[in-house]
There are 2 protein chains.
Amino acid sequence: MTGVDKSKVSVMVVDDHPIWRDGVARDLTENGFDVRATAPDGDAAVRISRAVRPDVVLMDLNLGETSGVDATRAITAALPSTKVLVLSASGEHSDVLEAVKAGASGYLVKSASATELVDAVLRTAAGDPVFTAGLAGLVLGEYRRMADSPSEGPQPPQLTERETDVLRFVAKGMTARQIAEKLVLSHRTVENHVQSTLRKLQLHNRVELARYAIEHGLDEE
Amino acid sequence: MTGVDKSKVSVMVVDDHPIWRDGVARDLTENGFDVRATAPDGDAAVRISRAVRPDVVLMDLNLGETSGVDATRAITAALPSTKVLVLSASGEHSDVLEAVKAGASGYLVKSASATELVDAVLRTAAGDPVFTAGLAGLVLGEYRRMADSPSEGPQPPQLTERETDVLRFVAKGMTARQIAEKLVLSHRTVENHVQSTLRKLQLHNRVELARYAIEHGLDEE
DNA sequence: GGTCCGTTCAGGGTTTTTCCCGGATCCACC
DNA sequence: GGTGGATCCGGGAAAAACCCTGAACGGACC
């Protein structure tokens, strides 16, 4: 149909309903996409996406316990080249804006047809923002209203200055005590910064922090 | 004198005698080299060289407790583009061969004159192997005698297959228990492999291991 | 004034890592 | 047959990391 090579677009599907999840996955596969992975919740999504590095993540917002928004934030933070296309039952304005703020590249309501979905994934992979009719205007208006973020992108993961300081040293392989000495702090404070950074980025240990820092060039400067 | 741009050659001086160390550093500076760092022992040398990434490391072999050979091995393993020029009081054949096996690009006895030193550092930076008269033949003969290492280079850091397996997973941020499950091992065994790898590469924790793995492409494959 | 957030410190607990040591098997090489 | 390396398993102990909690201060913002 379109001129894009769909076989090169790798996709991950995140949804807590197995039926819907597999249905979407089959649809996409039949349409030539490379469905590399599926995940039932946010935690798994974050973990698996880091391993699989799909081009596009189809993310349900309403994921039982873990929030799709948090997962979206973590994924776009960890994998700048991966696009997250939110597929949600609701078309709530607040949900849409939250998702976009978290780094989503598009927002589709689940009532969309299969052909709409295929088209949306293709366009998302190509870098176009995709929004269900009526929502594009909303997001655009909101952008204008904010007006203060000159060049945005998927929201630089909101680490505080101190957290960034600590992260840099963690990425060099220093212990909390060594960092504390360097920054003239208590090692407990350093550990707290590490903890809050782990939470914000949805990572689980210092090695993952180091990889994150390296991928984002936080360690060179 | 020579046509090479000395101001571009960065050097680190490793020696446990402050007087000698500073004397050499001053000599080199006066001759236009960029002496970026000095270190009094092997541990500091390994640590600092990773941060500074000098073109040439002037390494004393006889460093109190820590061995200059070990430091040489660790530095050449971690920084393939950094050359280690050994500056030793002794001209012992076994010392020379050990140093070369550890990755040294050259070997100079300390009785060398300042001009010889300057010349040696320049040639080392240019990639030439530099040896005090009489030692070049020794090393060449030894190479021929070994004859079985087809293309050597600075000795690929001698990690065993299992250690490399474990390292790959460590670099992904997995704990010893997770790796143990993956490789069907006891977590104590995994920890032992981590330990021996740390020793061999003269690193001190998993974050440094991860950085090593990433720098050497061990994590992608 | 009140509230939120960033930064700092700390207690208290569990888990993991780091470091040292030992022993066992297998296999290759001399 | 001995020797050494790679691989495996384990004990013990100290350090570090991980995770949650509360608390204090100052600055920004309403």
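1. In this predicted model, the surface near DNA strand D draws on both protein chains: α8 (176-183) and α9 (187-201) of chain A, together with α7 (161-171) and α9 (187-201) of chain B, each supply at least two of its residues. The largest share, 5 residues, comes from α9(A).

2. Around DNA strand D there are 20 residues, and those that come nearest are A176(A) and N205(A) from one chain and T160(B), S186(B) and T189(B) from the other. Sorted by class, the surface near DNA strand D has 9 polar, 7 charged and 4 nonpolar residues.

3. For DNA strand C, the helices that each supply at least two residues of the nearby surface are α7 (161-171) and α9 of chain A, along with α8 (176-183) and α9 of chain B. Here the largest share, again given as 5 residues, is that of α9(B).

4. DNA strand C is surrounded by 20 residues, of which T160(A), T189(A), T175(B), A176(B) and N205(B) are the closest. The surface near DNA strand C is made up, by class, of 4 nonpolar, 9 polar and 7 charged residues.

5. The two protein chains also touch one another, in a contact that takes 10 residues from chain A and 11 residues from chain B. On the side of chain A that touches chain B, helix α10 (residues 206-215) of chain A gives the largest share, with 6 residues. That side of chain A has, by class, 4 nonpolar, 3 polar and 3 charged residues.

How values were computed:
Residues are numbered from 1 along each chain as its sequence is written. Chains are lettered from A and ligands numbered from 1 in the order in which they are written. This is a predicted model: local features need pLDDT of at least 70, side-chain atom pairs count only at pLDDT 80 or more; totals for chains, interfaces and linings use all residues. A residue is near a molecule or strand if its C-beta atom, placed from the backbone, lies within 6 Å of it. Helices (H or I, at least four residues) and strands (E, at least two) are DSSP runs, numbered from the N terminus. Ala, Val, Leu, Ile, Met, Phe, Trp, Tyr, Cys and Pro count as nonpolar, Asp, Glu, Lys and Arg as charged, and the others, Gly among them, as polar. Two residues are in contact if their C-beta atoms, placed from the backbone, lie within 7 Å.
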